[in-house]
Amino acid sequence: MADAVYRRPPLVVFVASGFVVLWLIIAAFPFAWTVWGSFKVQADFFSRDTWWHALFGTNTTRLTGDAFTDAGYYGAWVITRFWRAALSTGIITVCVVVISLSFGTLGGYALARSTHPYRFVILIFALFFRAMPEVAVVSGYLYPFFVLNIWGYLPTAIIVLVALNQPFTLWMMYSFFQGIPRDLDESALVDGCTRFQAFRLAIVPVMWPGVITTGLFAFLLAYNDFTVTGLVLSENNQTMVPKIASYLGQIQSQGNVMYAVAAVVSVTIPIFLLVMFFQRYLVSGLTAGAVKG
Amino acid sequence: MTVQRTTLVSLMALLAAGPALAECGIDTAGSVRILSNDFEALRILNTAAEECASDQVTVTANASSEHKNIQVPALTANPAEYTVAMIANNSIVPLLGDDLIRPLDDLVAEYGQQLQPNQLIKIDGKIMAIAFMANGQHLVMRKDLLDQAGLEAPTSWEEVLTAAQAMRENGMETPLAASNGAGWDLAAEFVNMYLGTGAEFFEPGTATLAIDNEQGRQALQMMRDLTQYMAPDYASANADAISQLYRDGKVAMENNWGSLASSLIDPAQAQPEVVENTVFAAAPTIGGGTIPAAALWWDGFAIAKNISDEDAKASFRAMMHATRPEIATANADTAVWLIQGYQPGPAAVGVVGNATGGARPYPMVPWMGLLHETLGTELADFIQGKEDADKAIADVTAAYTAAAQQAGYLQ
Amino acid sequence: MPHSTFFRFMGPSLLAMLLFIALPIVSIVVQSLYIEHPQVLVTSETCQPFGGCTTTTTVDAAATAQLREEQPLGQFNALGTYMDRNHLAFAEIAEIFRTSEGPSDVLSRIYNLPLYKALAFTITYCLLVTPLALILGLLIALAVNTVPQLLKGPVIFFSLVPMLITPLVGALILYWMLNAEGILGATIQNLFNDPTLSTRTSAPLTWATLIAYGTWTNAPFSFIVFYAGLQAVPRDTLEAAMIDGASRLERIRYVVLPSLKPLILFVLLVQLMDNFRVFEPIISFNAAANATSLNYLIYSSLNTQTTQLFGSAAATSVITIGFIAVLIVPVLLRVARELSAVRT
């Protein structure tokens, strides 16, 4: 009888599968088109003549002799040294995730276990902090950073991103810890541990699913960020997204759009690996007390 | 034998090192820190300036598309984060207003022999910046399509309309394009047209808007008339979009930037018939006027105020090295240089035509940026035909006045 | 938990938020109450590469600097910036009500004011995209739950792609695909048999495109949250429902959805806040002619060519937070009720 709960009539399976296929096409098609187009020249992929050029590579064949070209990738990675931006992004994302999770985990634990009313005040304020438009906040940072001479350094960008990510991290970790029963650490307290020891011995072993999930969102925030890294870092240590933006050119000057397309495809690959690797933890993480109350 | 070899080697090393040091010749210590926009011409200059690095001189450059947002806080700090700011007609204004750049008269007198008189940007008698390149929008057209319709190259916007009508009758439904995308591009189109009528934007001596006149309506009407011959999504077109349209042969005539001109006839990007039959010319006139209806833009550099005099000296000399005549001749197709010895290439015809035709420069007054922003948002409804010229001008005036009052330019 | 322990745990987090969010917000609110000093203008001769030397008006930097030194914040304007034409425009609205001829005239004249135009689109976008993305995410999660285990990994990844692609370039590529000659644009034209149909020429079509794009990028977030929640639906309740003879639909309605309620509220909260701050699609789709948003107004104020209007941007930011507060209060109340009901 237990399995009957999960046995599905064929019609349901058919409809569900059809829906999934339809959704996958809608979700993945633009990206697939981009991957295909990243091996073409601009005259094909961005053609105002017809989209069949992008499919068959008419101009690519005319200009390079072959329907596929790696000019975009070569230009991005070698000529304009996209790998330096990738390195910056790597450093920043790892640091932001680690620091953000450390702060947020401790904070979320305190919020979940405290019984004082002021924790709600903190949570509500955190929510409104997140509501602030980023561009206004970051513009105000510039002058103090220049005066303190900390502008243009990776640690500055890291700390700013950690701070801006705290509200979301706090809320998610708060929710996860709410789902972990109090008895776990209460019994450790009764046994004579300090609060921090109780946290370390009783909670840390079971908090990983939640931490990994929150970590993924922190990672995405740092990886895809543009406002902060565009304004706080300089050209030689900028991250990937501002560098892609710089490929797009300006009003009065032309950029290298195909470099941007190739870079975007390159940028998505690590995320693919990450998601494939962590998707098991992702699911169980969101399950284990995910905002259950 | 070994001694001889060693001497020979060290002699050759000296000879090799000698010219490299002499190339830049900055014998004093200093730090050169450049902030510039992120496009090819400026990158070339940054690289050229970096050649001046030596034991005593350090050179760094930051080519960032956010430079307009970074420059004011960066140069306000003391010591300024950057010693050299690369600016244009519009981005120099906040630096002037906040007193962040220093007069260059002494430095020009001592090191600026290579400079031409028209490179000197003077405010109130003092040289505040050095210009090194010019830019502007000019007419780009397909000679073959004009010949097909039996037309001469148009020299006024009225002639452009006639030509467009003839091409439409010949089968090309939408022969024109313009970067009428709401925002910066749309405002630039209006600024071009209005400058062509010869009128002033503001009351002299004040920041009060003065476009509520016949010329303003004339400029608006011409912009609207031209849209009849454009593809229906013209209100979302920017310079990239119309360049791509032109390169794919979808458009016969358009007003486009001189800095994009070489990309329009680049065989690696444009269709063959476009490459062979494109002609550049100065921007057309409007309303029987005599000057091209286009704004002339210059790009140049300024030296920060909140830095040591040694840094200022080293920076100026590095920039002189970066903007020397050899750079202009070696990169003749990258930009329309104002540097001595520059020979305009085929892609520079339009901008040079604008300059010789007497086109007016983009106004360098502090409140022009506010007007530009306002025009970009308030003209969007007009250009799509949703409101008439009177309403558009009223909206622009109201929005601009509110913004100018906020910025302290109007009371 | 004693206060000292609480603050020791929360210390780093609170400090970071205080320094980098709370203080700037205070500074922004303060800034919104001030405008620049009246600048001292002076006529002088300016020489440019073209047009020779002309007489122009410039700002007397020294005199203005002195004014600024005396009063660095600027001229106190109280709520003047909030009420000027480029923001809440109370005077203009009063004028409109006084002099217009009927409700449609009132509406179109109010729509002409920049903040209200932006507000109209922002609210519409927020109130349409949030439920659409939520429902779509829920449906996808229910459907993906039926996929065989082996395929789940890749299916999950490809469902997440719209959320993962760098918004900047993702939107640009979609924009070009929607060109009249792009693959999507041409297909739409063929579908409706109208060669002049373009998604950019009218406000309704532009809004529809942006809303569709917003749903497409936001659905994956709802999907992943609901998908995880589905794994945790209590089996016993489901079995009990089956024994009682509930159909599939009834099981979803009476067992699955209630157990997902906290998640639904969470997603609703986050999405409402994020969708209200819509901004990147408007730039990438060059849609500013037909659709602007509050965040776009702030960006424009700060991205002008010459004078950054900090006071104006600050006022719009405060107004944005005000509206977000109004929007999420109902959801917050529900969340608070859930929190006090399920006390762990």
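**Cavities at chains B and C**

Trainee: Which helices each supply at least two residues of the lining of the second largest cavity?
Mentor: Helix 16 and helix 17 (380–383) of chain B do, along with helix 6 (114–144) and helix 14 of chain C. Helices are DSSP runs (H or I, at least four residues), numbered from the N terminus. This is a predicted model, where local features need pLDDT of at least 70 and side-chain atom pairs 80 or more, while totals for chains, interfaces and linings use all residues. Residues are numbered from 1 along each chain, chains are lettered from A, and side-chain values use heavy atoms.

Trainee: Which helix gives the most there?
Mentor: Helix 16 of chain B, with three residues.

Trainee: How much space is in the second largest cavity?
Mentor: About 160 Å³. Of its 17 lining residues, the closest to the centre are Thr377(B), Glu378(B), Pro114(C), Lys117(C) and Thr292(C). A cavity is where a 1.4 Å probe fits on a 1 Å grid but cannot get out, and lining residues have an atom within 4 Å of a point.

Trainee: What classes are in that lining?
Mentor: Seven nonpolar, five polar and five charged residues.

Trainee: Other topic: how many cavities does the whole structure have?
Mentor: The search finds 13 of 30 Å³ or more.

Trainee: Which helix gives the most to the lining of the largest cavity?
Mentor: Helix 16 of chain B, with five residues. Helix 18 (389–407) of chain B and helix 15 (310–341) of chain C are among those that each supply at least two.

Trainee: And the classes in the lining of the largest cavity, which are they?
Mentor: Six nonpolar, nine polar and two charged residues.

Key:
1 Å grid on protein atoms, 1.4 Å probe; cavity = no way out; pocket = protein on both sides within 12 Å on 5 of 7 lines; lining within 4 Å. Points joined across faces, edges and corners; volume = space filled by probe spheres on them. Nonpolar A, V, L, I, M, F, W, Y, C, P; charged D, E, K, R; others polar.
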